[in-house]
Amino acid sequence: MLPDDIKQLIQSAYRQILENKSLAPRYGQRVMIAEIAKSLGQIDPVAEAEAEEEGADTGGPVCVVEAGTGTGKTLAYVLGALPVAQYLNKTVILATATVALQEQVTLKDLPDIKRHSGLEFSYTLAKGRGRYLCLSRLDMLLSGNDSLNAIADLYGDVIIPPNAQSLALYEKMFRKISAGEWHGDRDDWETLLTDQEWQPVTVDNGQCIGQKCSNFSNCCFYKAREEVQKADCVVANHDLVLADLALGGGVILPAPEDSIYIFDEAHHLPLKSNNHFASFTRLKASLGALDQWRKTLGKLAADTVLEENRVLKRELSAVEQALEMAELRLNEIWPLCEQILHSAETDRQGEQSQQHAFAMGQVPEDLRELADTLDAQYTRLAAVFQELGAELKTNMEAGSNVWIHASARNTGFPSLAAWPPVPRAARSCGRSLPGRMPRGRPLGPLADAE
Ligand code: SF4
């Protein structure tokens with residue numbers, strides 16, 4: 001239940017906007033404001049705190065509003081939600097469907113409401129990590145070829161050495177950021193940056209090493225994130241909010257329990273949610289990759305010098321066994337998927353459907369169990385790969401790298417730099433199967449099993 005002073009604050013803000021902008025009150029808009037505020041008024045901070053302590057989920061109220069274009073929805077949801085959020089000490093996360101809408105809300109609607117409503121609030125635009133410069137990457141790019149190899153080692157990324165023109169651009173970025181004239185936001189750079197220019201100087205979530213990074217305290221993304229944590233209202237787009245929630249929430253945006261979400265144009269959400277929460281695995285491609293790894297390891301095992309290295313030999317044998325088991329599991333899943341697809345409903349033309357959605361999103365028990373086993377197998381595979389990679393690295397550092405280089409030259413054995421992504425690829429393969437999903441959770445279509 002909302003306190004009277006919050007209700008009066010909302011009413012007064014609406015009245016002031018109408019007066020200051022010489023607008024007439026609109027019945028639909030008043031109903032929207034009232035319904036939104038009433039719904040959010042059901043949030044009980046004490047019950048929430050107790051539930052949090054017990055690790056329970058209170059769920060929270062949901063208000064769905066459908067209104068046509070030009071009915072004043074933005075004003076309605078901002079006035080209905082913002083004062084309540086401030087009272088509850090929460091952040092309003094306002095997610096729009098497109099960048100154009102995001103800009104309209106940030107550059108026009110929110111400044112307008114702030115100017116005319118008498119409400120005091122701060123707002124900011126939240127962007128994904130990929131819109132910000134990574135200082136460590138920039139450092140490495142400007143430090144020459146050795147550092148480019150380090151990028152490959154650290155991030156599993158192959159970077160083509162920048163040409164003179166790109167180098168001049170990165171030097172300029174460095175100068176501007178050092179002088180405080182630019183804050184590393186791609187959209188604020190003086191010219192439009194192509195993906196080719198930008199990609200080498202940014203990182204994704206898995207590549208950023210966070211607090212372990214020597215540039216962490218000056219990091220452009222984390223500085224922007226501090227602003228996001230301080231604002232009363234954060235404007236984002238659906239994809240960013242869903243990406244944050246897919247990471248567990250509170251990674252890019254304020255934590256879900258401290259937030260009130262507004263999804264503008266929410267009819268886009270089902271499709272977008274599928275993109276962020278659905279998972280897929282290419283079974284045949286995974287089998288091919290396992291086969292490739294096995295062949296490469298076979299060549300390594302045939303190396304005569306390896307015979308003398310017992311630890312390495314043991315690690316290698318563990319990887320081979322794990323590969324075999326993963327292959328076995330994949331081969332068991334394949335016929336099961338085929339069976340599901342063959343029994344799938346036919347489409348209107350009477351042809352067999354290429355996609356199958358499980359009824360009520362329930363993954364069949366046998367597929368779930370197989371996928372769980374596969375995930376465990378891939379986790380094991382990733383671990384033994386990592387151990388083997390570490391052992392190879394130790395050998396190289398100890399100076400016994402002659403045979404590794406010879407092996408690489410003669411057999412195409414991957415360089416050490418290529419090892420870190422292997423466990424990552426292995427893990428993601430296991431984890432992307434539907435078996436990882438909790439029972440009863442809706443699951444998107446099972447794509448054609450190729
Ligand atoms: S914290 Fe992450 S994004 Fe920031 S500079 Fe370091 S690696 Fe780059």
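Trainee: Among the contacts in the protein between residues at least 6 apart in sequence, what share joins residues at least 24 apart?

Mentor: The share is 80% of those contacts, where two residues are in contact if their C-beta atoms, placed from the backbone, lie within 7 Å. This is a predicted model, in which local features need pLDDT of at least 70 and side-chain atom pairs count only at pLDDT 80 or more, whereas totals for chains, interfaces and linings use all residues. Residues are numbered from 1 along each chain as its sequence is written.

Trainee: Why is α4 called largely enclosed by the rest of the structure?

Mentor: A residue is buried if 20 or more other C-beta atoms lie within 10 Å of its own, exposed if 12 or fewer, and partly exposed in between, with C-beta atoms placed from the backbone. By that rule 12 of the 16 residues of α4 are buried, so the helix is largely enclosed; among them are Leu75, Val78, Leu79 and Pro83. The cover over the buried residues of α4 includes the helices α1 (4–20), α2 (27–40) and α5 (99–117), together with the strands β1 (91–96), β3 (233–237) and β4 (259–263). In the protein as a whole, buried residues make up 26% of the 450 residues.

Trainee: How do you know that Ile113 is buried?

Mentor: Ile113 has 21 other C-beta atoms within 10 Å, so the residue is called buried. Ile113 is found in helix α5, and, leaving aside neighbours within four places in sequence, Ile113 is in contact with Ile17, Leu75 and Val78. Between Ile113 and Leu79, which are 34 residues apart along the chain, the C-alpha atoms are separated by 8.6 Å.

Trainee: What is the strand order of the open sheet, and why are β2 and β4 said to stand at the edges?

Mentor: The four strands have the order β2-β3-β1-β4, with parallel pairing. Strands β2 (123–125) and β4 each have a single partner strand, so one side of each is left without a neighbour in the sheet. Neighbouring strands are turned by 20° against each other on average, direction ignored; the axes are lines fitted to C-alpha atoms, for helices over the stretch in contact, and angles run from 0 to 180 degrees between N-to-C directions.

Trainee: What makes β1 and β3 a pair?

Mentor: Two strands pair if DSSP finds at least two bridges between them, and five bridges join β1 to β3, which run parallel. Thr96 has Asn237 of β3 as its bridge partner, and Leu94 has Val235. β1 also pairs with β4 in the parallel sense over five bridges, with Ala95 opposite Phe263, while three bridges join β2 to β3.

Trainee: How do you know that both faces of β3 are covered?

Mentor: Cys233, Val235 and Asn237 on one side and Val234 and Ala236 on the other are all buried. In β1, Thr91, Ile93 and Ala95 point one way and Val92, Leu94 and Thr96 the other, and all are likewise buried.

How values were computed. Helices (H or I, at least four residues) and strands (E, at least two) are DSSP runs, numbered from the N terminus.
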